[in-house]
Amino acid sequence: MLLRPRIRLLWTALAVCLLAPQAARADDSLAAIKARGKIVVGVKADYPPFGFLDGDKNVGLEIDLLHLIAKDLLGKADAIEFVPVVSANRFQYLNTNKVDFLFSTVTVTDQRKEVVDFSAPYMKSGWQVLIKRSNATIHDAPDLAGKTVVVLPGSTGESGLERVVPSATLLKLPQTSEALQALQSGRADAFVQDSALLYGLVQQYPQYKVVGKTYDDLPIAAACRKGDSTPCDYISKEIAKFTKSGVLKSEYRKWVYGAAERFMP
Amino acid sequence: MNAYLHALPALLGRGLLATVTISVASMLIALVGGFGIGLLRALRNPLVDAAAIAYVEILRGIPLLVLMFFVCFGLPQLGIGIDAAPAAIVALGLWGAANGAEIVRGALVSIPRGQSEAGVALGLGRIAVLRSIVLPQALRRTVAPFMSLFTAIVESSSLAALIGVKEILETVRVDIENDATLWTPLLLTALALYFAINFPVSLASQRLERKLG
Amino acid sequence: MLAAARLDFSIVREAAPALAHGALVTAEITAAGLAGSLLVGIGGAALRTSKSRAARTAAAAFTEFFRNTPPLVHIFFAYFALPAIGINVPGIVAATTALILYQGAIAIEIIRAGLEAVPAGQLEAADALGLGGLDRFRSVVVPQALRISLPALGNNLISLFKNTSLVSAIGVLDITGVAQDVIAQRLSSAELYLTIGAFYLLSVFAFSAVLRFVESRLARYAT
C-alpha cells in the first residue's frame, strides 16, 4: 500500500520531466544571461559593507562590482536582479538554477572546489571572534572551549570553529541579525564569522568588539555551477581589468577605508 | 522609533501583498483540487479512490515545511526547476487541495443516504443525483470549513519565509538589519496583520457553522 | 532528463546518527507539547464556560489571538522578541512553549465544544448523586468531554507533531533541523527530505492507527 503512492509520485515526476521544457540547466549560463538581457545573481543582504541593504536598495562593494560587470556585459549597469541569499541556502539556490551565479562572499575552499567552479578572487577574509565589549574573559578562539558560540550554518566560521575548538557548543542561526540577537541576549558568548563582516558590524554597533587572530585567511570569489563556469570566467577577466585600472582599489577605499589591505586579494 | 517607521512601509506594502497573493493563489488551487478529488471519489471507482486516498494521506502526513523545502530544493535535483515563490504556492496548493478533498468528502458523506436513494428511485442516474440533489446541499456545508482552510493557508504562508520568499515574516527578518531592538515592534505588527486578515474570516466561519447547526 | 535524477542515499546513511538524535528531539517536543496543550486546553475551556464574564472574555481573547496567527511567528516572537523584556530562554524551550500555546488554543475550542456536547442528563445525574461543582466537572464532565473530543484532539496532536518541524527555523535540532544542518554543508537535499518525510508519514500513520484503536475502545462506554 505504501509502495503505490511512491510509484505514483515517481511516474508523475518522470512525466513532468519529459513533457516540461528543459529547465535551464544550460552549460553556458553566460550566453543565457546575454540572451535574457539581465543578470540574476545571489548576493548577501546582511553583510556590511560588502553586500547589504540601504532601505530597499542593495548596496556594498560586491554590489558596485556587479553594476560595473553588468555595464560591461550588457551595456546597462542596472540590468541586474539581486536575489538575497544566506550562507545556509546559497549553494542550494545556485544548484537549483534560481541564480546564474553567486557573488555573496563565498570563501574558496578545496572542499567547495569539488562542487562549484570559482572565478578569480576579488576579496579575502579569515574568521575571528566577536564578543560584547563588556566581556573581558575571551581573547581568542581557544578561549571559547566549552562556551556557546553562534555561527551561520554553511559558513567557513562554522567549519573553522568546529575544527579549531571542537569543544565549543555551536548555536546555528541562519541570519546575521538573529546571530547578533543571540549574542546580545547572552544566549551565546561569542559570534564567529568572517573578519570582513565583523569589521563592518563593529562600525555600526560599537557595543561589540572583535578579538583574537585571524584564522583561515582565504580568498573569496564568485561561484558558478560545476561544469558551467562561463560567467565566472568572464568575471575573472573583469576582476583583472578592475585591478589593473585601479577601480578595485578605489572601491575598497570607498567601502573599507583604511582596512583595504586586510580584505583585498 | 525612527527605525521602526522606516521599516514599516515594506512590511505593510510588499510583505503583506506577497502574503495575500500566495494565500489567494494557493486557496484557488485548494478549491479546484479539493473539489476535483472530492467529486472524483464520489464516483466510487476503486482505482481512483485508492489514488485519491494515497494523495490525501501523504500530503496530510508530512509537515508542510518539509513539503515546501522538497518542492523548492529537492525537485530541481530530480530535474524539475522552480523558483521560490511558485514553489511556496505549489506546496501550499497541494497541501490545501488534500485538506479540501477531505472537506468535500465530509460534506458529501453528511448528506443522508435517503436523499440519493430517493433520486435513484425517481429514475435519475448516479451523476444526475449527485449534480441536482446531493451537491447543492453539500456545497453549503463546505463553505465554513473552506473559510477555516483559508485562515490555515494564510498562517502557513509564513513558512515561505524559510525558503526566502519576501512575505510578511521574511520582510520582518530582513528589515531588522542587525538592529535587535526592532524584533518586538516588527513581530507584533506582523502578528496584528495576520490577525486582521484571519479573525474576520474565522468569525464569519463560526457564525455560518452555527447557522447551519 | 532521467540522468538528472541523481539520488545518492549514502548522504542519509552518513547522517543517520544525527537524524536519529533529531528524531528523539522531535519526540520530546511532541510529548511536552501534548501535555502542555492539553493542560491549556482543559484550563482554557473551563474558563471559557465559567460564570465569570471576565474569565470568559480573557480566555476567548487568548484563544482567538493564538488560533488566528501563525505558530511560526509565535516561535520567532518567543525566541527573538521576549529577551527585550528579560525572558531569555533556550531555543527549544521558547519553541515548545510557543507550540503549546498555539495547539493549546486550538484544544480549548475542541474541548469547549466537547463540554457543551455532554448530554444534560449526565449533569443532572451527577447533581442527583450529590457531586458538587468541581467534583462533577472533574469526574463526570471532563472524561466525557474528552471522549467526545478525542478524534479532534487526535488531529490536534498530529498537527502538533508536524508543527514541531517549525522549531528548526530557530536552530533547534529536531529531525528537520538536523536535515537542514546536513544540507547546509552538502548540496543534495532531495534524499534527506524524502527520508524525513517518510519518518513523519510513518509516524502519523502509527498515531492514527493508535487513535482509531483508542476511539473504538472508548466507544464501548458511550451512553
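Predicted model: local features only at pLDDT ≥ 70, side-chain atom pairs only at ≥ 80, totals over all residues.
Q: Two residues are in contact if their C-beta atoms, placed from the backbone, lie within 7 Å. What share of the contacts in chain C with a separation of 6 or more comes from residues 24 or more positions apart?
A: The share in chain C is 76%.

Q: How confident is the predictor in chain C, and where is confidence lowest and highest?
A: pLDDT is the predictor's confidence in each residue, from 0 to 100. Chain C averages 89 on this scale, and 96% of the residues score at least 70. Helix H5 (residues 120-128) of chain C has the lowest confidence in that chain, with a mean of 79, and helix H3 (residues 71-81) of chain C has the highest, at 96. For the complex, the predictor gives an ipTM of 0.92 and a pTM of 0.88.

Q: Why is A:Gly212 called buried?
A: A residue is buried if 20 or more other C-beta atoms, placed from the backbone, lie within 10 Å of its own, exposed if 12 or fewer, and partly exposed in between. A:Gly212 has 20 C-beta neighbours inside 10 Å and therefore counts as buried.

Q: Which residues does A:Gly212 touch, not counting residues up to four places away in sequence?
A: The partners are A:Gln128, A:Val129, A:His139, A:Asp140 and A:Ala141. A:Gly212 itself is found in strand S12 (residues 208-225) of chain A. A:Gly126 is 86 residues away from A:Gly212 in sequence and 11 Å away in space, C-alpha to C-alpha.

Q: How many helices and strands does chain B have?
A: Helices (H or I, at least four residues) and strands (E, at least two) are DSSP runs, numbered from the N terminus. Under that rule chain B has eight helices and zero strands, in the pattern α-α-α-α-α-α-α-α. Its C-alpha trace spans about 75 × 45 × 20 Å along the principal axes, and 51% of the 213 residues of chain B count as buried.

Q: How many residues of chain B are in contact with chain C, and how many of chain C with chain B?
A: 29 residues of chain B are in contact with 32 residues of chain C. H8(B) gives the largest share of the side of chain B that touches chain C, ten residues. That side divides into 19 nonpolar, nine polar and one charged. Here Ala, Val, Leu, Ile, Met, Phe, Trp, Tyr, Cys and Pro count as nonpolar, Asp, Glu, Lys and Arg as charged, and the others, Gly among them, as polar.

Q: What makes up the side of chain A that touches chain C?
A: 18 residues of chain A are in contact with twelve residues of chain C. Helix H1 (3-19), helix H4 (90-95), strand S10 (169-172) and helix H7 (176-185) of chain A each supply at least two residues of that side. By class, the residues of chain A on this side are eight nonpolar, six polar and four charged.

Q: At what angle do helix H3 (residues 61-74) of chain A and helix H10 (residues 247-256) of chain A cross?
A: Axes are lines fitted to C-alpha atoms, for helices over the stretch in contact, and angles run from 0 to 180 degrees between N-to-C directions. The two axes come within 10 Å and cross at roughly 145°. A:Leu61, A:Asp64 and A:Leu65 in H3(A) meet A:Glu251, A:Tyr252 and A:Trp255 in H10(A). The residues of this contact are four nonpolar, no polar and two charged.

Q: How is chain A divided into domains?
A: Domain bounds come from an automatic or database domain assignment. Chain A has domain 1 (25-124 + 219-263) and domain 2 (126-217). Their C-alpha centres lie 25 Å apart. The contact takes 16 residues from domain 1 of chain A and 18 residues from domain 2 of chain A.

Conventions: Residues numbered from 1 in each chain as written. Chains lettered and ligands numbered in written order.
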